[in-house]
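Dear colleague,

Here is the structure we spoke about, for your files. My notes on it follow below.

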Amino acid sequence: MSLATLYSRAQAGVNAPLVTVEVHLANGLPALSIVGLPETAVKESKERVRGALLNSQFEFPARRITINLAPADLPKDGGRYDLAIALGILAASGQLPIRQMDDYEFIGELALSGELRPVRGVLPVSMEACASGRALVVPLDNSNEAALVEGATVLGARHLLDVSGHLHGNQPLKPHAYSGNGSEPGGYPNLSDIRGQHHAKRALEISAAGGHSLLMIGPPGTGKSMLASRLPGILPEMSKKEALESAAINSISHDGFVPATLNRRPFRTPHHTASGVALVGGGSQPRPGEISLSHNGVMFLDELPEFDRRVLEVLREPLESGKIVISRAARQAEFPARFQLVAAMNPCPCGYLGDKNGRCQCSLEQVRRYRSRLSGPLLDRIDMHIEVPAVPFDELKTAPASAEDLSMMARKRVQAARDRQLSRCGKANHALGIREIENSCQISHESAQLLEQASRQLGLSARVYHRILKVARTIADLASVEAITTQHISEAISYRRLDRR
Ligand SMILES: Nc1ncnc2c1ncn2[C@@H]1O[C@H](COP(=O)(O)OP(=O)(O)O)[C@@H](O)[C@H]1O
Ligand SMILES: [Mg+2]
């Protein structure tokens, strides 16, 4: 038999489509060719595999070797196919038993010594290998990540020889069981650290409860960044599914999977000099950007008007759809991006507009130009805008009233409000569609009049009108009532600070 067929997996977005590795040995001049849209790193696999086989005391067949990676139209990158290619050559040349190869999937890069090196994106591979009912053989350093998937059979190997020993049946590898920490939620900065700002804390709680995006406007040093960093700590606990989704994105990202971040809501803070690719993702082998790394968590954009306007505009679509599709020449990759946007800005270029001591030197025109860096359509898509003014000195110097854990208390209320939303519509209020808003955000005649009056005075768009209803729904949910009252509506209107100019 001079043909061997093995399974491996590619990476496409957060998916890991099956790749069949076929190795054929034919008579003719010794040569090795890899076909099936391999990129440079895959082509270099020849040299790594040759070195690994020879250094592991195997024979490198002196024949014409053809390796086909199918499907041929799927781009293939990285050293992840090395292990499958090496085992395929061994099987096709009779150095490994060929039977039961299709009970396994293989992934891993080979060192010239035959040792296995970890690769990126093993978690999505493990999810799909598990779903297909096959055992997954991975480099030992990847085995814990792969074993995160419940029900997966993960075999971690240090060396090519360990894998061949297993396949020969003389030294079976033991399935790896996940061992890890990072499952402890908590350890976030606490709301109790912030003096005053009761209005902002209330808004933060509402935004946490309904997943609403939030823009904070205020002079420097009033606690905007402090508030933002406390949001992940009051969000509802992550479900298993959410935790696995976020871990899968980490797994394919530049930094790779970090066990300590498991079950923690992401909190990303890209700088305003960040490029479009860094923010939304991209590259020749598309990688997730900040919006995807914030999936199921928070992305905080400090100094919002300093961001490149074109970069901000690309946020509009994922803000609505919860995902991003990246197209690069031949490839398309889709990444999830259901993130909660929190942003902060100064009220004017110098930052002190409205300051009691009259420190602001900005002209009206300067203020207008500064604010116009944010487009109307983007502001429309932010559910809540609030002011975060300077805290009076008296309030700042007073000790907190008690040692209460404000974040813990807020998280309980948020969780209860979120549970109401999930049992009503199966999603957080920020994600309600128009039909769902009509069904679940009914308001009285009096409230409708109030809303109409506000819409006319502030010139609100239809989109903003719906946003106000959704925020009012969340306020009612926090109060554990089903009916939205005029009070809830007027509070929701008060969170449209930037619409009144
Ligand atoms: N409301 C507040 N309560 C307690 N400390 C505050 C408050 N506002 C600001 N600070 C102090 O000022 C520092 C800067 O706050 P920060 O949140 O970065 O302000 P901003 O983002 O609004 O410019 C904080 O590290 C903290 O020491
Ligand atoms: Mg700040």
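The shell around ligand 1 has seven polar, five nonpolar and two charged residues. In this count Ala, Val, Leu, Ile, Met, Phe, Trp, Tyr, Cys and Pro are nonpolar, Asp, Glu, Lys and Arg are charged, and the others, Gly among them, are polar. Arg-195, Gly-223, Lys-224, Ser-225 and Met-226 come nearest among the 14 residues around ligand 1; a residue is near a molecule if its C-beta atom, placed from the backbone, lies within 6 Å of it. Helix α8 (residues 224–229) gives the most to this shell, with three residues. Helices (H or I, at least four residues) and strands (E, at least two) are DSSP runs, numbered from the N terminus.

Before you read further: this is a predicted model, in which local features need pLDDT of at least 70 and side-chain atom pairs count only at pLDDT 80 or more, while totals for chains, interfaces and linings use all residues. Residues are numbered from 1 along each chain as its sequence is written, and chains are lettered from A and ligands numbered from 1 in the order in which they are written.

Domains. The chain is assigned domain 1 (3–168), domain 2 (191–418) and domain 3 (432–501), with bounds from an automatic or database domain assignment. Between domain 2 and domain 3, the C-alpha centres lie 22 Å apart. Contact here involves 17 residues of domain 2 and 15 residues of domain 3; two residues are in contact if their C-beta atoms, placed from the backbone, lie within 7 Å. On the domain 2 side, the elements giving two or more residues are α7 (198–210), β10 (214–217), α15 (376–380), β18 (384–387) and α17 (406–425). That side has 10 nonpolar, three polar and four charged residues.

Sheet. Three strands, in the order β5-β8-β9, form an open sheet with parallel pairing; strands pair if DSSP finds at least two bridges between them. Its edge strands are β5 (104–106) and β9 (154–157). Three bridges join β5 to β8 (residues 135–139), and Phe-106 has Val-137 in β8 as its bridge partner.

Phe-257. This residue sits in the loop between α9 (240–252) and β11 (267–268). Why does Phe-257 count as buried? Because Phe-257 has 23 C-beta neighbours inside 10 Å, and 20 or more make a residue buried, 12 or fewer exposed, and numbers in between partly exposed, with C-beta atoms placed from the backbone. Leaving out residues up to four places away in sequence, Phe-257 touches Leu-123, Glu-145, Ala-247, Asn-250 and Ser-251.

Regards
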